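This report looks at a core residue, a set of paired strands and a chain contact. The sequence and structure come first.

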Amino acid sequence: MISLAGRDILHSWSKFVLTGIGLGLLIGVTLTMAGVYRGMVDDARALLNNSGADLWVVQQDTQGPYAESSSLRDDAVRSVLGQPGVARAANVTYLTMQVRRTSEGGAAPAGSGDDDVRAMVVGFEPGQPGEPAYLVAGRHITRSHYEAVADVRTGFTLGERIRIRRHDYTVVGLTRRMVSSGGDPMVFIPLKDAQEAQFLKDNDAIVNDRARTAANPSLNRPGVPGLLEAIQASQANNRNVNAILVQVWPGTDAEAVAEPVRRWKHLEAFTREQMEEILVAKLIATSAKQISMFLVILAIVSAAIVAFIIYTMTLGKIREIAVLKLIGTRNRTIAGMILQQALGLGLIGFVVGKVAATFWAPIFPKYVLLEPGDAVRGLVAVVVICALASTLAIRIALKVDPAAAIGG
Amino acid sequence: MGQIGIRIEHLRKRYGEGDTAVDALKDVNMTVAPGEVVGLIGPSGSGKSTLLKCLGAVIEPSGGRMTIGGETIYDDGWKIPDLRALRRDSIGFVFQSPYLIPFLDVTDNVALLPMLAGRSNAEARTRARELLKALDVDHRAGAQPSELSGGEQQRVSIARALANRPPVILADEPTAPLDSERALAVVRILNQMAVQYHTAIIVVTHDEKIIPTFKRLYHIRDGRTHEEVGEGRSL
């Protein structure tokens, strides 16, 4: 038996191909949306992997440093280092900001938008957890101040000068896949510089604070020499960090290390699994729901398009279907023809969509991870959607009266 | 008249019930022998199409008896169970417009019926080519229906009707869209095929050009048939 669906597709191939391309672009968007979600999850995991930590110690009652703000004193790292099972521990700061390129004439104005890059500035201690895991060009930071290592997605190049707050930094190394949970590329600078960038006030604010403190009689008491200077000195510097990254000895249970930190150090500690839960299940939960909604809407739109196209094509063949039924064609042969056409349309669309998504994914500003598993699930979904979409046309075809082929 | 191609006895068909009931066929009686072509004529609304639909096993009569190729297909409320197989194997249809399947080429339009009947593709296509040759359209075997002239399309539709060697062909105004020359050619072909394949053919027509060619005619009026001897003018 010849394939009626195949012959019909070949007969009106241009209609099928053009419709398939339209549907394919929609499927491509759907696959890309799934890829955006996968990319967000992968970014979150890359952030955890690249930190090199087994344990994150943060401010009590917070879920920092990525999902919430966290601030703790930088000397807390010493007491954490003293905990049994801890191999290494180091302070880190994270600050998402616009990092500007500097030119001969100075930095472009903040917020001008034409020469700055959204980045997460990471303050770390060289040689300690939090350091970029590997470089693709240049070297690691060797000086105490004003050197930076940047992710290649910042677009910065080796030797380039960048401005973070009030200071200029030289990019000495480039790394790859170092991104925040939001997908912003990272710029690594020495911890001291990062603390200053994050916590140090501007000069006008310092002058105003000094005047305000001096005007406060309880802080500027007559007969207590040195008190005002001590208070002003403590206000002028900030010894806080956002988190302590901890590596435990091999074979040590991270939770066993975290528990005494929580109980006795008045800090919060998260293991790798707990931090992944925070990042994946909480931080990007809303985005994931948003994407899921888009996927559902796109699936409905795709189904509607397939249903509409197959329905109108079937309506255009009512007389032929009546003739086919009159000459003894089984209902299941006619239903199979319509179903195969819907599936053919879906398969053309899927191939176009997969190719389109593969081509345009790299030029997306955020990381789009197209997983083969998602493609397989997408294919199954397309088959199911097309099968469901064809039911309306099949119902119409099965209702066609063979008597309609005979005039009168 | 020895064998039976078509025999219809006291066939009735009523649409609707009660006060709104319409008797489309009141008492139809017809006999067509194998190899014979008869004309069925009548004014609009006389019941021609209803009779054709009853004979084509697409609507059920209200009473009477129908026999096709010696097999009773309807007898006062009883009907053979597989009407689809009956239409496929025992009845050929030729329509006013050829209604060829536009996405199949000429050969496959004809071969489709034997394929539906379970013949292999090769066997079905061989039979299709034989019929196309007999109808002198074998040179268009690979063409699409849209590439054929009206007369060629009608010949292909006759080949399709003959594809399963049915004992009966029902032709519904087969010459309506054709000029005189082509219309007479189609009737000539139907007569040849009736003899060659031993098929009983009923031609429903209004076409004044072809009515004189029938040796026997059935007039249908107010749901009743009246047999007439036709002129049987030479083709």
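Val57(A) touches Val80(A), Ala243(A), Ile244(A), Val246(A), Val261(A), Leu267(A) and Ala269(A), leaving aside residues up to four places away in sequence. Contact here means C-beta atoms, placed from the backbone, within 7 Å.

The model is predicted: local features need pLDDT of at least 70, side-chain atom pairs count only at pLDDT 80 or more, and totals for chains, interfaces and linings use all residues. Residues are numbered from 1 along each chain as its sequence is written, while chains are lettered from A and ligands numbered from 1 in the order in which they are written.

Val57(A) belongs to the largest nonpolar core, which has 170 residues. Val57(A), Val246(A) and Leu190(B) touch the most other members. Such a core is a set of buried Ala, Val, Leu, Ile, Met, Phe, Trp, Tyr and Cys residues joined through C-beta atoms within 7 Å. Buried means 20 or more other C-beta atoms within 10 Å of the residue's own.

In chain B, strand β1 (residues 6-15) has two antiparallel partners. Strands are DSSP runs of E, at least two residues, numbered from the N terminus. They pair if DSSP finds at least two bridges between them.

The hairpin of β1(B) and β2(B) has 6 residues between the strands. There, Gly16(B) takes a positive phi near 75°.

The chain contact takes 26 residues from chain B and 18 residues from chain A.

Conventions: Two residues are in contact if their C-beta atoms, placed from the backbone, lie within 7 Å. A residue is buried if 20 or more other C-beta atoms lie within 10 Å of its own, exposed if 12 or fewer, and partly exposed in between; C-beta atoms are placed from the backbone. Helices (H or I, at least four residues) and strands (E, at least two) are DSSP runs, numbered from the N terminus.
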